Amino acid sequence: MITSAFRDFRSRAILAFITCSILALISHRIGLMDVSLDLLSSNTLVDIENHDEGGMHSTLELNNHLITVACTFSVTSTFSLCNLKLKYSHNENIKQGIDLSDYQSFEIVASIKSPIEQTNIKLYFRNNNPAYSREDVAVSDKFNTIEFKLRDQVTTLEVPTKALFVAQWWKKERNIGYEQSHVDLSNIVLIELVIDDAKVPGDYLLTLHSIKMSGEIISEPDLLMLILFLLFVMIVLLTIRQKNSLKKISTTDQLTGLLNRRGMISKVNKEFKSTVAHHSMSLFYFDVDDFKKINDTYGHVVGDELLAAICQKVIGLLSEMHLNTQSSFARLAGDEFVLMITDCDNHKAVEFSRRIIDVLVDPLAVSGCEVKVGISLGLAYSNGEKITFQELMSRADSAMFCAKQQGKGQFKLFDDSLASAIYFKKTIAENLKNALLENEFTLRFMPIFTCSDLKPTRLEVLIRCESTAMKGITPDIFIPIAEDFGIIEQIDLWVIETTFDNINKHFLAVNRTPPICCINISAIELTNDSFPKQLEKLIEKYFIPPSLIELEITETCLIEADDTSFRILNELKKIGVSLALDDFGTGYTAFNQLINYPVDCLKIDRAFVADIDPNDPSKTTMVNAIVSIAKSYKLVTIGEGVETQEQLDYLRTISCDYVQGFYLSKPLLLDDLMTLLNKQ
Ligand code: C2E
Ligand code: CA
Ligand code: CA
């Protein structure tokens with residue numbers, strides 16, 4: 001959005017600039033930038049005078065703006081001069097003349113009546129400059145000169161100032177060096193018209209009609225240069241502006257206008273690098289409970305509006321508690337927010353956390369819907385301790401994680417016990433991620449035997465993590481952590497794919513019916529819409545007969561089952577795989593509800609098998625009930641955790657279909673399993 005606004009602005013700026021440039025060039029061409037100066041106007045001209053010199057008599061006349069000098073030469077000599085002086089400075093301050101140096105040309109309109117056909121005229125622009133002028137020497141002003149001939153009729157001469165030269169005699173007489181030998185019009189005190197070289201005696205009538213300087217505010221090449229320069233400046237400014245706006249985009253969250261993760265980190269680096277260590281900081285990390293569900297139910301538009309509305313509530317609360325000036329607020333991703341308040345008293349931070357939770361108790365009105373939201377918040381302080389911002393953030397994040405696990409809609413303050421529990425889980429999660437990358441997972445296969453004749457017709461696939469860091473950590477511990485840290489989907493797929501690979505390479509090759517492989521999948525897969533497709537793809541990739549696959553899901557996950565999980569269970573069934581309810585009996589499924597679930601098999605939980613005591617009927621009630629209800633629903637039964645001959649015998653008497661347990665076989669390595677299968 002900002003980029004396109006910037007592009008609009010840039011195109012508009014460039015268009016405006018080009019238009020202005022063209023207008024400027026046109027104005028220049030049509031003379032709108034021309035300037036002129038009438039040297040006879042009373043604004044510039046101070047006085048006019050003429051001289052009698054060398055046997056010559058002259059008079060000066062002013063007539064209808066014309067200046068006429070009438071000179072009568074009775075004899076002629078080199079010193080016979082008839083001149084007209086236009087003065088541009090007051091005598092008292094001879095140094096203050098007029099600056100004509102910016103004019104490019106001048107126009108003189110004059111005529112002469114004389115005894116000869118054409119008369120030589122010299123025009124001097126006399127410039128005063130302390131570098132060469134002296135007050136007591138009349139001819140010390142520089143003689144910028146031009147010579148021309150005049151006739152009887154009125155003549156207009158257009159002379160570029162470039163044509164002026166410094167009179168040679170002046171340079172010689174004043175002993176002028178090179179540096180002062182050039183035309184200088186910056187302080188003209190006198191303009192002098194001289195009838196030169198009047199070789200024939202008689203009357204000379206010189207009339208000056210006008211003399212005008214003309215020029216341009218700026219020459220065309222200079223104007224072009226200026227335009228190019230301004231263009232350059234504009235490009236530089238636009239580039240800087242673009243850089244700034246790109247920086248803004250990359251550090252701002254477009255939905256809420258808050259900082260994004262990058263913006264927050266760069267702000268912290270810039271402003272708080274040192275202060276994290278020296279100030280007390282309260283960091284609040286929060287997210288919306290079940291935001292995915294809200295998004296699925298109301299759609300993304302409502303979801304987005306909801307996030308914006310939550311931000312507004314938090315911002316409102318900040319200003320209500322006068323904390324807005326010390327706070328930095330960012331949306332990290334999705335529904336995750338982080339808020340940092342500097343120099344905030346710990347009690348106030350706790351009060352603030354409580355109020356954020358409370359303020360969101362009432363449903364929010366967005367897009368005509370009333371949406372009930374809750375947030376889980378983690379709070380961590382740094383009271384001048386040496387701690388990085390990242391560390392502080394991860395503490396608050398861990399506290400939030402704990403708040404979620406303790407039932408959502410609440411806040412949790414980071415403390416030492418939380419630190420170690422979370423540290424353990426995080427380390428395991430890191431190890432699991434590494435194990436996926438480093439291929440450190442392996443499989444064990446636990447044979448499942450037919451109860452009647454103890455043939456290993458099935459096997460349960462069990463995962464192990466072989467990395468040294470995970471020594472002694474069983475799937476009972478790491479699978480729930482993988483679920484909490486969002487790694488389980490990858491692990492489940494790895495188990496499925498590796499099992500399929502083994503079926504293909506080994507199990508299909510055994511010299512009898514291949515065993516059915518029972519694969520444990522996490523309850524999380526029942527919320528993962530893409531799981532059935534992923535499974536189907538792998539089945540096709542490895543050419544697996546779906547009837548060889550049974551997926552085990554724990555019974556407890558059915559307690560939370562919603563429409564999505566039922567849909568996913570049915571999709572899995574459609575693929576042709578069978579489904580087993582694992583640890584059956586622990587999840588309080590009302591037996592009569594079993595009909596609602598598309599399952600094929602019940603795995604009697606180990607605890608009930610362990611309880612079996614043929615001499616105490618009360619201890620076998622559960623096993624009996626499960627087997628008999630399974631029979632009535634035509635479900636297969638597997639007794640888990642058989643550790644004694646007695647347990648096996650009992651399960652046989654009640655016609656349980658299959659058994660597995662350490663009494664019959666421990667989970668086996670592939671080679672041992674193959675030996676067992678091939679023995680049959
Ligand atoms: P589960 O699905 O109930 O798996 C059976 C567990 O009971 C296995 O432990 C197995 O070694 C153990 N077991 C079997 N017979 C006996 C017995 O006679 N006595 C005793 N004491 N234990 C017996 P394991 O392999 O440690 O797995 C623990 C749990 O971890 C599994 O319980 C299952 O919920 C989960 N799990 C294991 N592998 C995977 C997997 O590949 N994917 C997923 N999502 N979960 C898995
Ligand atoms: Ca299982
Ligand atoms: Ca089990």
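I call a residue buried under 20% relative accessible area, exposed over 50% and partly exposed in between, with a 1.4 Å probe and protein chains only. I am working on a predicted model, where local features need pLDDT of at least 70, side-chain atom pairs count only at pLDDT 80 or more, and totals for chains, interfaces and linings use all residues. Residues are numbered from 1 along each chain as its sequence is written, chains are lettered from A and ligands numbered from 1 in the order written, and side-chain values use heavy atoms, leaving out hydrogens and water.

**Calcium site.** Donors here are N, O and S atoms within 2.8 Å of the metal (3.2 Å for Na, K and Ca); water is not among the atoms, so the site may look incomplete. D582 also coordinates the calcium ion (ligand 2), 4.0 Å from ligand 3. D583 is partly exposed at 25%, while E640 is buried at 10%.

**Rings.** I pair Phe, Tyr and Trp rings (Trp by its six-membered ring) if their centres lie within 6.5 Å; planes under 30 degrees apart are stacked, over 60 edge-to-face, the rest tilted. The count is 15 aromatic pairs. F143 and W169 sit 4.7 Å apart with planes at 65°, so I log them as edge-to-face. F143 is buried at 3%, but W169 is partly exposed at 34%. Y124 joins F143 and W169 in a cluster linked by ring pairs. F286 and F337 are stacked, at 5.3 Å and 20°, and both are buried.
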